Amino acid sequence: MLPDVQNSHDERHLAINRVGVRDVTMPVLVQSASGPQPSVAKVSMCVSLPAEQKGTHMSRFVSLMMDNAEPLSVPMMDRVLDRMLELLDAQSGYIEIVCPFFVNKPSPVTRLKSLMNYEVAFVAECEKGRRRIIQRILAPVTSLCPCSKQISDYGAHNQRSHITISCEFFEPISLEEQIRVAESSASCELWSRLKRSDEKYVTEYAYDHPKFVEDIVRDVAGQLNADARIAAYSVSAENFESIHNHSAYALIECDKRTAA
(Lines give C-alpha, C1' and ligand atoms only; values in the text may rest on other atoms or scores of the structure.)
Protein backbone atom coordinates (compact mmCIF):
# COMPACT_ATOMS: atom_id res chain seq x y z
CA MET A 1 0.00 0.00 0.00
CA LEU A 2 1.34 3.42 -0.99
CA PRO A 3 0.91 6.20 1.57
CA ASP A 4 -1.93 8.68 0.98
CA VAL A 5 -0.06 11.89 1.81
CA GLN A 6 -2.98 14.15 0.83
CA ASN A 7 -5.10 12.68 3.61
CA SER A 8 -2.47 13.21 6.29
CA HIS A 9 -2.92 15.74 9.09
CA ASP A 10 -1.62 19.30 8.68
CA GLU A 11 -0.27 21.02 11.78
CA ARG A 12 -0.54 24.63 10.55
CA HIS A 13 -4.32 24.77 11.10
CA LEU A 14 -5.01 27.01 8.11
CA ALA A 15 -8.07 26.31 5.95
CA ILE A 16 -7.77 26.89 2.18
CA ASN A 17 -10.59 28.64 0.34
CA ARG A 18 -9.89 27.09 -3.07
CA VAL A 19 -7.53 24.37 -4.22
CA GLY A 20 -7.72 22.38 -7.43
CA VAL A 21 -6.77 22.47 -11.11
CA ARG A 22 -6.82 25.30 -13.65
CA ASP A 23 -6.96 25.43 -17.45
CA VAL A 24 -7.25 21.72 -18.09
CA THR A 25 -7.76 21.42 -21.87
CA MET A 26 -10.26 18.78 -22.95
CA PRO A 27 -12.88 18.05 -25.61
CA VAL A 28 -16.46 18.77 -24.62
CA LEU A 29 -19.95 18.89 -26.04
CA VAL A 30 -21.95 22.13 -25.71
CA GLN A 31 -25.73 22.07 -25.72
CA SER A 32 -26.96 24.31 -28.54
CA ALA A 33 -30.50 24.96 -29.73
CA SER A 34 -30.03 22.39 -32.50
CA GLY A 35 -28.28 19.72 -30.42
CA PRO A 36 -24.86 18.94 -28.90
CA GLN A 37 -21.95 20.81 -30.52
CA PRO A 38 -18.31 19.61 -30.15
CA SER A 39 -15.76 22.06 -28.80
CA VAL A 40 -12.49 22.24 -26.84
CA ALA A 41 -12.67 23.75 -23.36
CA LYS A 42 -10.47 25.12 -20.62
CA VAL A 43 -11.68 23.65 -17.35
CA SER A 44 -10.93 24.94 -13.83
CA MET A 45 -12.17 23.12 -10.73
CA CYS A 46 -11.55 23.92 -7.06
CA VAL A 47 -12.84 22.94 -3.62
CA SER A 48 -12.34 24.23 -0.11
CA LEU A 49 -9.88 22.33 2.12
CA PRO A 50 -10.28 21.96 5.90
CA ALA A 51 -7.48 23.26 8.12
CA GLU A 52 -6.56 19.79 9.36
CA GLN A 53 -6.21 18.16 5.90
CA LYS A 54 -2.84 18.41 4.12
CA GLY A 55 -4.03 18.27 0.51
CA THR A 56 -6.80 17.50 -1.95
CA HIS A 57 -6.90 14.72 -4.53
CA MET A 58 -6.01 16.53 -7.77
CA SER A 59 -6.57 13.56 -10.07
CA ARG A 60 -10.22 13.31 -9.01
CA PHE A 61 -11.05 16.63 -10.68
CA VAL A 62 -9.80 15.41 -14.06
CA SER A 63 -11.46 12.00 -13.59
CA LEU A 64 -14.77 13.70 -12.88
CA MET A 65 -14.71 15.60 -16.17
CA MET A 66 -13.39 12.65 -18.17
CA ASP A 67 -16.27 10.53 -16.91
CA ASN A 68 -18.87 13.17 -17.81
CA ALA A 69 -20.69 12.50 -21.08
CA GLU A 70 -23.34 15.25 -20.78
CA PRO A 71 -23.21 18.33 -23.02
CA LEU A 72 -22.44 21.59 -21.23
CA SER A 73 -25.60 23.22 -19.88
CA VAL A 74 -26.90 24.78 -16.68
CA PRO A 75 -28.48 21.51 -15.39
CA MET A 76 -25.31 19.57 -16.25
CA MET A 77 -23.15 22.03 -14.26
CA ASP A 78 -25.48 21.67 -11.27
CA ARG A 79 -25.04 17.91 -11.31
CA VAL A 80 -21.25 18.03 -11.79
CA LEU A 81 -20.93 20.44 -8.87
CA ASP A 82 -22.81 17.98 -6.63
CA ARG A 83 -20.59 15.09 -7.74
CA MET A 84 -17.41 17.12 -7.19
CA LEU A 85 -18.35 18.15 -3.66
CA GLU A 86 -19.24 14.55 -2.82
CA LEU A 87 -16.13 13.07 -4.44
CA LEU A 88 -13.77 15.52 -2.71
CA ASP A 89 -15.76 15.57 0.55
CA ALA A 90 -15.88 19.37 0.40
CA GLN A 91 -18.31 22.00 1.66
CA SER A 92 -17.52 24.60 -1.00
CA GLY A 93 -16.49 24.33 -4.63
CA TYR A 94 -16.04 26.19 -7.91
CA ILE A 95 -16.13 25.05 -11.55
CA GLU A 96 -15.53 27.18 -14.65
CA ILE A 97 -15.63 25.79 -18.19
CA VAL A 98 -14.79 28.15 -21.08
CA CYS A 99 -14.89 27.21 -24.77
CA PRO A 100 -15.60 28.46 -28.30
CA PHE A 101 -19.17 28.20 -29.57
CA PHE A 102 -20.28 28.55 -33.19
CA VAL A 103 -23.47 29.82 -34.80
CA ASN A 104 -24.17 29.33 -38.51
CA LYS A 105 -25.24 32.84 -39.55
CA PRO A 106 -26.51 34.04 -42.94
CA SER A 107 -25.13 37.43 -44.03
CA PRO A 108 -27.68 40.27 -43.96
CA VAL A 109 -28.20 40.79 -47.71
CA THR A 110 -26.80 37.88 -49.75
CA ARG A 111 -27.74 35.31 -47.05
CA LEU A 112 -24.31 33.73 -47.44
CA LYS A 113 -23.87 31.34 -44.52
CA SER A 114 -20.74 31.16 -42.38
CA LEU A 115 -19.78 30.05 -38.89
CA MET A 116 -19.48 32.90 -36.40
CA ASN A 117 -17.47 32.12 -33.27
CA TYR A 118 -18.23 33.27 -29.71
CA GLU A 119 -16.77 32.56 -26.30
CA VAL A 120 -19.14 30.87 -23.86
CA ALA A 121 -18.64 29.80 -20.27
CA PHE A 122 -20.46 27.94 -17.54
CA VAL A 123 -19.69 28.62 -13.88
CA ALA A 124 -20.94 26.61 -10.91
CA GLU A 125 -20.08 27.51 -7.33
CA CYS A 126 -21.19 26.66 -3.84
CA GLU A 127 -19.96 28.71 -0.90
CA LYS A 128 -21.36 28.92 2.63
CA GLY A 129 -24.50 27.14 1.49
CA ARG A 130 -25.16 29.51 -1.41
CA ARG A 131 -25.21 27.92 -4.86
CA ARG A 132 -24.95 29.74 -8.19
CA ILE A 133 -24.97 28.41 -11.76
CA ILE A 134 -24.01 31.03 -14.35
CA GLN A 135 -24.22 30.91 -18.14
CA ARG A 136 -21.95 33.48 -19.80
CA ILE A 137 -21.46 34.59 -23.39
CA LEU A 138 -19.02 37.02 -24.97
CA ALA A 139 -20.20 38.42 -28.31
CA PRO A 140 -18.00 40.59 -30.55
CA VAL A 141 -19.98 43.43 -32.17
CA THR A 142 -19.58 46.82 -33.83
CA SER A 143 -20.22 50.12 -32.03
CA LEU A 144 -20.33 53.56 -33.65
CA CYS A 145 -19.78 56.72 -31.61
CA PRO A 146 -22.85 59.02 -31.41
CA CYS A 147 -20.66 62.02 -30.51
CA SER A 148 -18.35 61.47 -33.47
CA LYS A 149 -21.34 61.24 -35.81
CA GLN A 150 -22.92 64.39 -34.37
CA ILE A 151 -19.87 66.65 -34.56
CA SER A 152 -18.31 65.46 -37.83
CA ASP A 153 -19.15 66.85 -41.27
CA TYR A 154 -18.86 63.33 -42.66
CA GLY A 155 -18.24 59.86 -41.24
CA ALA A 156 -17.98 58.67 -37.65
CA HIS A 157 -15.45 56.52 -35.86
CA ASN A 158 -16.44 53.00 -34.96
CA GLN A 159 -14.74 50.03 -33.32
CA ARG A 160 -14.94 46.39 -32.44
CA SER A 161 -16.64 45.85 -29.10
CA HIS A 162 -17.19 42.95 -26.73
CA ILE A 163 -20.50 42.44 -24.93
CA THR A 164 -20.40 39.98 -22.03
CA ILE A 165 -23.64 38.70 -20.49
CA SER A 166 -23.65 36.45 -17.40
CA CYS A 167 -27.02 35.09 -16.28
CA GLU A 168 -28.60 33.02 -13.55
CA PHE A 169 -31.97 31.59 -14.52
CA PHE A 170 -35.37 30.72 -13.18
CA GLU A 171 -35.71 28.78 -16.46
CA PRO A 172 -32.72 28.12 -18.74
CA ILE A 173 -32.43 29.87 -22.09
CA SER A 174 -30.25 28.81 -25.02
CA LEU A 175 -26.83 30.23 -25.73
CA GLU A 176 -28.16 31.42 -29.08
CA GLU A 177 -30.86 33.49 -27.36
CA GLN A 178 -28.32 35.03 -25.02
CA ILE A 179 -26.06 35.90 -27.97
CA ARG A 180 -28.98 37.50 -29.84
CA VAL A 181 -29.68 39.78 -26.87
CA ALA A 182 -26.10 41.05 -27.12
CA GLU A 183 -26.01 41.43 -30.91
CA SER A 184 -29.37 43.19 -31.14
CA SER A 185 -28.15 45.78 -28.61
CA ALA A 186 -25.06 46.82 -30.59
CA SER A 187 -24.68 49.36 -33.40
CA CYS A 188 -24.35 46.30 -35.65
CA GLU A 189 -23.53 42.62 -35.31
CA LEU A 190 -20.62 40.83 -36.99
CA TRP A 191 -20.40 38.07 -39.59
CA SER A 192 -17.51 35.87 -40.72
CA ARG A 193 -18.25 36.29 -44.46
CA LEU A 194 -19.58 39.35 -46.24
CA LYS A 195 -19.99 40.25 -49.90
CA ARG A 196 -19.91 43.88 -51.03
CA SER A 197 -23.67 44.37 -50.67
CA ASP A 198 -23.46 42.92 -47.15
CA GLU A 199 -20.59 45.25 -46.29
CA LYS A 200 -22.60 48.25 -47.50
CA TYR A 201 -25.50 47.17 -45.29
CA VAL A 202 -23.27 46.70 -42.22
CA THR A 203 -21.58 50.09 -42.68
CA GLU A 204 -24.84 51.97 -43.12
CA TYR A 205 -26.70 50.07 -40.39
CA ALA A 206 -24.01 50.91 -37.82
CA TYR A 207 -24.09 54.55 -38.92
CA ASP A 208 -27.86 54.63 -38.38
CA HIS A 209 -27.56 53.05 -34.91
CA PRO A 210 -24.80 54.93 -33.03
CA LYS A 211 -24.27 53.78 -29.44
CA PHE A 212 -21.98 54.57 -26.51
CA VAL A 213 -21.00 51.73 -24.15
CA GLU A 214 -23.62 53.20 -21.81
CA ASP A 215 -26.30 52.76 -24.48
CA ILE A 216 -25.25 49.18 -25.14
CA VAL A 217 -25.38 47.96 -21.53
CA ARG A 218 -28.68 49.76 -20.94
CA ASP A 219 -30.25 48.21 -24.03
CA VAL A 220 -29.07 44.75 -22.99
CA ALA A 221 -30.29 45.27 -19.42
CA GLY A 222 -33.68 46.38 -20.71
CA GLN A 223 -34.13 43.10 -22.57
CA LEU A 224 -32.94 41.04 -19.60
CA ASN A 225 -35.23 42.90 -17.19
CA ALA A 226 -38.19 42.07 -19.44
CA ASP A 227 -37.36 38.34 -19.58
CA ALA A 228 -39.10 36.51 -16.72
CA ARG A 229 -36.79 33.50 -17.11
CA ILE A 230 -33.75 35.43 -15.88
CA ALA A 231 -33.12 35.62 -12.14
CA ALA A 232 -29.95 37.72 -12.10
CA TYR A 233 -27.48 39.11 -14.58
CA SER A 234 -24.30 41.04 -15.17
CA VAL A 235 -23.74 42.79 -18.51
CA SER A 236 -20.63 44.65 -19.61
CA ALA A 237 -19.54 46.34 -22.81
CA GLU A 238 -15.97 47.15 -23.78
CA ASN A 239 -15.23 49.29 -26.84
CA PHE A 240 -11.71 48.90 -28.20
CA GLU A 241 -11.47 52.52 -29.25
CA SER A 242 -10.25 53.37 -32.74
CA ILE A 243 -9.20 56.97 -31.89
CA HIS A 244 -7.83 56.33 -28.37
CA ASN A 245 -5.21 53.96 -27.02
CA HIS A 246 -7.60 52.73 -24.36
CA SER A 247 -11.01 51.07 -24.08
CA ALA A 248 -14.36 52.47 -23.02
CA TYR A 249 -16.22 50.26 -20.52
CA ALA A 250 -19.61 50.02 -18.80
CA LEU A 251 -21.24 47.47 -16.48
CA ILE A 252 -24.74 46.85 -15.08
CA GLU A 253 -25.55 44.16 -12.50
CA CYS A 254 -28.98 43.19 -11.23
CA ASP A 255 -30.43 40.45 -9.02
CA LYS A 256 -34.18 40.36 -9.61
CA ARG A 257 -34.63 38.13 -6.56
CA THR A 258 -33.57 40.93 -4.22
CA ALA A 259 -34.49 44.02 -6.28
CA ALA A 260 -37.26 46.12 -4.76
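Let's start with Lys-200 and Glu-204, whose side chains meet in a salt bridge at 3.0 Å, N to O. By salt bridge I mean a side-chain nitrogen of Lys or Arg within 4 Å of a carboxyl oxygen of Asp or Glu. Both residues sit in helix H5, residues 196-208, four residues apart, which is about one turn of the helix. Helices here are DSSP runs of H or I with at least four residues, strands are runs of E with at least two, and the numbering goes from the N terminus. Glu-204 has 40% relative accessibility, so it counts as partly exposed; that label covers the range between buried, under 20% relative accessible area, and exposed, over 50%, with a 1.4 Å probe and protein chains only.

A quick word on what you're looking at. This is a predicted model, where local features need pLDDT of at least 70 and side-chain atom pairs count only at pLDDT 80 or more, while totals for chains, interfaces and linings use all residues. Residues are numbered from 1 along each chain as its sequence is written, and side-chain values use heavy atoms, leaving out hydrogens and water.

Back to our charged pairs: how many salt bridges are there by this rule? The count comes to 17. One of them joins Asp-78 and Arg-131, with the closest N and O atoms 2.7 Å apart. That pair links distant parts of the chain, because Asp-78 is in helix H2 (residues 74-87) and Arg-131 is in strand E5 (residues 130-144), 53 residues apart. Asp-78 is partly exposed at 29% relative accessibility, and Arg-131 is partly exposed at 33%.

Now look at Lys-105 and Glu-189, another salt bridge, 2.7 Å from N to O.

Let me finish with strand E8, residues 230-240. Nine of its eleven residues are buried, so the strand is largely enclosed by the rest of the structure. Strands pair if DSSP finds at least two bridges between them. Strand E6 (residues 158-169) runs antiparallel to E8, joined by nine bridges, and Cys-167 stands opposite Tyr-233 in E8. E8 also pairs with strand E9 (residues 247-255), again antiparallel, over nine bridges. There, Val-235 has Ile-252 in E9 as its bridge partner, and a hairpin of six residues joins E8 to E9.
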